[in-house]
Amino acid sequence: MQATTTPASGGFDNLNLIGPIRRAVREEKYSLPTPIQIQAIPHLLEGRDLLGCAQTGTGKTAAFALPILQRLAENKKTAKPKSMRALVLTPTRELAVQISDSFRTYGRYLKINHAVVYGGVKYNAQIRALSRGLDIVVATPGRLLDLFEQGHLRMSDIDVMVLDEADRMLDMGFLPDIRKIFSAIPEERQTMLFSATLPEEIVKIATRFLRDPVRVTVSPPASTVDKIDQRVLFVDRENKYELLESVLQDESLYRVLIFARTKHGSNRIVQKLSKIKVRAVALHGNKSQAARLDALKKFRDGKVRVLVATDIASRGLDVEGITHVINYELPNEPESYVHRIGRTARAGTKGIAISFCDAGERGFLRDIERVIKRTVPVNVDHAFHSPAVAASNKRPSGDGKNGKKRWSDRKGKTGQRSGGSKFSANRGKRAPGKSGENKAGVPRRFSRSR
Ligand code: AMP
């Protein structure tokens with residue numbers, strides 16, 4: 001596999017993109033391409049296969065969407081009924097919708113049609129859209145295969161294939177479906193695989209689906225974005241919820257994504273938070289698709305302050321202005337940590353990731369630190385700090401001298417604030433967001449203009 005060494009420099013004008021795409025990008029106010037875009041787009045425009053790895057929130061979607069749009073626009077073929085010319089596979093429905101929205105945005109000055117295909121909703125609209133033939137389909141694998149096996153779509157005309165969140169798509173859960181899909185598409189095609197994390201064993205599997213690929217890695221695999229301020233809080237299991245309440249008393253936690261391990265656990269947190277008047281919604285796989293999309297919309301639109309989710313929200317979701325990610329429970333897969341915290345500090349903004357760690361999660365923390373190749377600083381300065389858990393992690397046991405992070409303005413058992421904010425990423429600075437701020441310096445609304 002060839003690795004790239006020569007990034008093009010300059011703006012989008014140097015990337016050989018056609019006028020209608022440059023215009024759409026300009027209107028999105030993207031002044032410069034991101035490193036993954038600089039490195040991937042020229043190879044993709046040449047038709048090369050590519051394995052791309054870049055940190056979360058650094059513009060991977062445009063890195064594949066722009067060259068795909070260009071390839072399809074330059075080769076003016078009409079898709080046959082039930083066929084598609086490009087297929088993008090993603091692990092979650094929400095991500096499929098988001099990517100489809102990006103194709104709409106970037107392709108708005110082109111005559112390219114696209115549709116999104118995912119489970120949990122009725123078949124009719126998707127079957128109707130497919131029957132005409134489409135330039136681009138963004139799909140989750142299960143529903144795509146379902147429709148394929150029912151004869152509602154053909155994959156024999158696919159010219160470009162993308163696996164987004166490639167390591168998830170090639171893990172044991174999805175791999176059987178992915179194999180079936182690859183066996184149904186033409187050998188002669190362009191294939192692109194993208195992710196923020198690519199364990200070596202997955203790279204080995206990935207190369208089977210690629211032909212003489214270019215490998216683009218713009219930062220070490222699994223590195224966490226430097227702009228994310230990471231902290232771990234040691235706590236006894238039975239005190240976790242109280243710790244969450246006390247952390248949320250800090251209003252600088254303005255738009256908060258909380259990850260819980262289970263669907264039931266997410267619901268329980270939402271119910272408890274609603275009792276203390278914290279506006280929260282849950283997002284997990286037991287909800288109907290309409291409820292899932294509604295929860296995400298409320299969170300995007302700022303109607304709720306907190307979204308409590310399982311790992312279905314960990315990958316790819318791009319919600320502007322998430323100030324904090326809280327790992328109420330640590331994930332047992334270290335890569336999930338990288339993706340979860342990557343929901344904040346997107347597109348050059350700052351963010352804070354707070355992880356609660358109890359005695360049973362020490363091993364998870366160790367695995368995470370091994371994968372991210374750094375030690376997550378400990379915050380001992382909270383009312384529920386557990387010296388026992390800290391000591392068993394070989395970390396400061398509560399003398400407040402860990403040196404790295406010490407927030408001495410928090411007092412009392414419930415963590416009432418006596419002054420500034422310990423959990424604020426942008427203390428004294430403007431909070432992220434494009435659309436105005438209130439007096440406290442926090443954005444009034446963060447909704448994306450889609
Ligand atoms: P992604 O990693 O594709 O989810 O993108 C993360 C965020 O970066 C999205 O909100 C994009 O709209 C934004 N973005 C992508 N490319 C650029 C760029 N070249 N300049 C500024 N923002 C960008």
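Which residues in α3 meet which residues in α4? Thr61, Ala62, Ala65, Leu66 and Leu69 in α3 meet Ile99, Ser102, Phe103 and Tyr106 in α4, where contact requires C-beta atoms, placed from the backbone, to lie within 7 Å. This is a predicted model, in which local features need pLDDT of at least 70 and side-chain atom pairs count only at pLDDT 80 or more, while totals for chains, interfaces and linings use all residues. Residues are numbered from 1 along each chain as its sequence is written.

**Ligand shell**

- The ligand is surrounded by 13 residues, the closest being Tyr30, Gly59, Thr61, Asp318 and Ala347; a residue is near the molecule if its C-beta atom, placed from the backbone, lies within 6 Å of it.
- Helix α3 (residues 60-74) contributes the most to this shell, with three residues; helices are DSSP runs (H or I, at least four residues), numbered from the N terminus.
- The shell comprises four nonpolar, six polar and three charged residues. Ala, Val, Leu, Ile, Met, Phe, Trp, Tyr, Cys and Pro count as nonpolar, Asp, Glu, Lys and Arg as charged, and the others, Gly among them, as polar.
- Domain 1 (2-217) and domain 2 (228-426) each supply at least three residues to the shell, with bounds from an automatic or database domain assignment.

**Packing of α3 with α4**

- α3 and helix α4 (residues 93-106) pack at about 50 degrees, with their axes 10 Å apart. Axes are lines fitted to C-alpha atoms, for helices over the stretch in contact, and angles run from 0 to 180 degrees between N-to-C directions.
- The two helices, α3 and α4, are therefore oblique to each other; angles under 35 degrees count as roughly parallel, over 145 as roughly antiparallel, 65 to 115 as roughly perpendicular and the rest as oblique.
- The crossing of α3 and α4 is right-handed, meaning that the near helix is turned clockwise from the far one by less than a right angle.
- The contact of α3 with α4 has seven nonpolar, two polar and no charged residues.

**Packing of α2 with α3**

- The axes of helix α2 (residues 35-45) and α3 come within 9 Å and cross at roughly 25 degrees, so α2 and α3 are roughly parallel to each other.
- α2 and α3 also make a right-handed crossing.
- In α2, Ile36, Gln37, Ala40, Ile41, Leu44 and Leu45 meet Lys60, Ala62, Ala63, Phe64, Leu66, Pro67 and Gln70 in α3. By class, this contact has 10 nonpolar, two polar and one charged.

Note on methods:
Two residues are in contact if their C-beta atoms, placed from the backbone, lie within 7 Å.
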